[in-house]
Amino acid sequence: MDVALLLALGLLAQSLGPSLGVPGRRRLSTLYPWHRAVVSGRVRRAWVIPPISVSENHKRLPYPLVQIKSDKQPLGSVIYSIQGPGVDEEPQGVFSIDKFTGKVFLNAMLDREKTDRFRLRAFALDLGGATLEEPTDLEIVVVDQNDNRPVFRQEAFMGRVLEGAVPGTYVTRAEATDADDPETDNAALRYSILEQGSPQLFSIDEHTGDIRTVQVGLDREVVAVYNLTLQVADMSGDGLTATASAIITLEDVNDNAPGFTQDEFFMEVTEAVSGVDVGRLEVQDRDLPGSPNWAARFTILEGDPNGQFTIRTDPQTNEGVLSVVKPLDYESCEQYDLRVAVQNEAPLQAAAPRAERGQARVSVRVQDVNEAPVFQENPLRTSLPEGVLPGTPVATFSAQDPDTEQLQRLSYSKDYDPEDWLQVDRATGRVQTQRVLSPASPFLKDGWYRAIILACDDASPPRTATGTLSVEILEVNDHAPELSLRSGSVCSEPGQGSGLLLGATDEDLPPHGAPFHFQLSPRVPELTQNWSLSQINVSHAQLRLRHQVREGLHRLSLLLRDSGQPPQQREQPLNVTVCRCGKDGACLPGATARRAGGAGISLGALVIVLASVILLLLLALPVALVARSRQQSGDKGFLHGLQDDLRDNILNYDEQGGGEEDQDAYDINQLRHPTELAALCRPPVRRDAPFSRGCPQAARVLPSSPANIADFINDGLEVADSDPSVPPYDTALIYDYEGDGSVAGTLSSILSSLGDEDQDYSCLWDWGPRFARLADLYGPP
């Protein structure tokens with residue numbers, strides 16, 4: 001059904017590419033991409049169109065590339081179109097086609113570095129828009145031109161190499177790039193060194209850019225840094241070029257030994273000083289300043305057997321600083337001759353030459369000065385027993401003057417003696433006591449007393465030495481131990497209780513105190529029959545009964561001895577109360593009288609005391625009865641008929657009302673003489689009082705039974721509260737106005753609870769027997 005396609009000049013597309021890059025007139029090639037050739041037995045599809053090549057940067061535009069045709073319709077009856085990148089896709093407008101003739105044009109310059117090829121699709125339609133042929137591919141290849149220079153990756157390449165390196169030592173690598181087609185000579189790069197000075201010490205590999213040394217002679221002390229000018233060119237070295245620099249730094253090695261600037265140095269220093277600088281030793285070193293190859297290290301080889309000198313290095317100048325670390329003595333040596341050597345911190349290269357002045361002599365002359373006296377033993381330690389008498393020798397704290405060539409006298413004095421205990425001989429330094437030192441002195445620290453003695457010469461100016469005298473105050477065993485408690489109690493049954501624990505103390509310090517030895521007095525051997533003492537620890541013992549003895553006070557005698565040398569002992573009394581004990585080992589309450597005897601009160605004395613108390617009570621009883629009768633006869637009679645009542649609950653001690661102007665306060669006579677109020681009727685002063693009760697009614701007859709006293713009091717209060725002539729008993733009376741904001745609450749029962757149920761009267765039990773009845777009435781059961 002397909003119409004045979006005509007292929008005209010199809011083979012010209014194979015050789016079209018190179019010719020398209022040459023300006024001038026040429027004949028446009030015509031392609032029949034849809035032509036099918038008939039082969040025996042089968043139908044062959046359209047030929048594969050070879051790529052169409054076009055050079056980049058072509059300036060004659062528009063430029064015809066190729067013409068495509070279909071033989072299905074006559075010329076003018078076919079509409080051609082192309083699609084793809086460069087046409088209707090970015091970058092748009094690069095290619096176009098004449099829709100009637102099928103000619104393809106280049107409309108813009110191409111850049112291979114951006115796009116190296118374009119793949120388009122070609123279409124053939126009839127005038128009605130129907131497809132005449134299947135779409136076919138059209139590939140356009142952009143041919144590279146040498147339009148890009150090579151570029152170094154950096155403007156300057158840094159390299160480092162040790163001085164004295166052997167030829168062929170790698171230094172650094174120079175790298176460059178080219179944007180042209182790497183498959184062509186346009187990007188074939190070659191490296192070279194344009195300039196490096198003389199002699200030629202470095203080379204570069206033209207293909208890789210590696211820079212290496214080519215000969216010996218690299219010396220940092222001669223040239224420390226080399227600057228090379230590099231070049232790279234494309235087209236295998238014949239094309240475009242670019243340049244860069246290479247900076248090569250030589251790293252220092254210790255190939256130069258340090259040396260002194262002179263063979264001998266002369267210095268002076270005063271005696272009796274240390275930590276001072278004497279002088280400086282100057283050296284030279286050609287190696288890199290500040291590096292270990294340059295830093296000097298000094299050694300004193302001879303002339304300083306006692307290690308009195310040292311040499312340190314000044315890090316800024318590399319000089320040796322000679323200083324004194326131990327005081328010099330002019331009288332012992334007037335001059336020191338030192339031999340000093342110098343070398344670097346880093347080891348010297350084996351092939352490096354030795355320095356001519358690696359050693360030097362240093363002469364140090366000592367200057368004589370007046371030196372302070374010297375105590376031969378400082379601090380001086382000695383000991384004395386406590387309590388020594390004034391005038392007791394302590395020590396001779398003498399000093400010597402090191403200035404043997406100068407005739408000088410020494411004098412001694414005290415600088416620190418807080419207790420003013422010591423006396424110092426000014427000429428000899430002999431120290432003795434001048435009073436007794438108290439053992440309780442606050443200046444005794446762990447048994448040591450410290451004083452400071454001065455020794456001064458008579459030179460001009462004078463020099464003074466300070467010496468410390470430490471005196472140990474030896475403890476003397478001059479106190480016997482004592483019992484901590486002189487009395488106690490034990491159970492009458494030997495198996496009950498833990499016995500009596502006895503302790504002892506001693507005013508003496510160790511080792512003259514504990515351990516203490518407890519013993520029943522040997523003067524009373526019968527004590528050991530009933531009593532035993534067992535040691536618990538170094539300061540306590542336990543006293544126990546061997547057999548049951550009578551209850552009461554027992555006086556024992558104990559012998560206490562300390563551990564001092566010689567030991568001190570003392571016999572002391574001990575009062576022991578023997579009592580009956582409970583299961584817990586404690587004395588029962590019934591044994592109180594017997595235990596009281598432990599305080600030293602005998603039974604006879606106790607009887608005398610009790611008899612005296614009874615006699616005094618008998619004498620005071622009549623006086624109390626007379627006073628009682630006088631008080632009863634002087635009272636107006638409160639609650640008649642109850643004066644003999646033992647309760648005595650209500651007593652009239654005082655009455656405090658609202659002051660002299662208070663005429664309406666509650667009249668307590670209502671309770672005292674209720675029958676006398678019947679005739680006193682005043683007009684009502686209360687608005688809430690009924691008219692029928694203008695006068696108060698008489699109270700009931702006084703109760704005959706003490707149990708009814710509470711009801712009698714309550715009834716009386718109710719009667720008084722119902723009296724219309726006076727304010728109620730619990731009314732709020734205003735005596736004076738003192739402002740607002742009082743922290744105290746009101747005392748009126750009007751604002752408080754109406755009953756006594758919320759009141760707590762349990763405290764009445766603590767007020768004594770006079771309040772016992774009230775506590776029984778109002779207190780909790």
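Colleague: Which residue is the bridge partner of Leu230 in strand 19?

Modeller: The bridge partner of Leu230 in strand 19 is Ala244, where a strand is a DSSP run of E with at least two residues, and a helix is a run of H or I with at least four residues, each numbered from the N terminus. This is a predicted model, in which local features need pLDDT of at least 70 and side-chain atom pairs count only at pLDDT 80 or more, while totals for chains, interfaces and linings use all residues. Residues are numbered from 1 along each chain as its sequence is written, and side-chain values use heavy atoms, with hydrogens and water left out.

Colleague: How many bridges join strand 18 to strand 19?

Modeller: Nine bridges join strand 18 (residues 225-233) to strand 19 (residues 241-251), and the two run antiparallel; two strands pair if DSSP finds at least two bridges between them.

Colleague: And in what order do the strands of that open sheet come?

Modeller: The order is 12-19-18-15, which makes an open sheet of four strands with mixed pairing. Strand 12 (156-162) and strand 15 (190-195) stand at the edges with a single partner strand each, so one side of each has no neighbour in the sheet.

Colleague: Changing topic, how many disulfides are there?

Modeller: The count comes to two disulfides, a disulfide being a pair of cysteine sulfur atoms within 2.5 Å. One of them is formed by Cys491 and Cys581, with their sulfur atoms 2.0 Å apart. Cys491 lies in strand 39 (residues 487-491) and Cys581 in the loop between strand 45 (569-579) and helix 3 (592-596), so this pair ties together parts that are 90 residues apart in sequence.

Colleague: Is Cys491 buried or exposed?

Modeller: Cys491 is buried, with a relative accessible area of 6%, and Cys581 is also buried, at 9%. Here buried means under 20% relative accessible area, exposed means over 50%, and partly exposed lies in between (1.4 Å probe, protein chains only).

Colleague: What about Cys579 and Cys587?

Modeller: Cys579 and Cys587 form a disulfide with their sulfur atoms 1.7 Å apart, and both of these residues are buried. The torsion about their S-S bond is about -50°, so the disulfide is left-handed.

Colleague: Why does Cys333 count as partly exposed?

Modeller: Cys333 counts as partly exposed because its relative accessibility is 24%.
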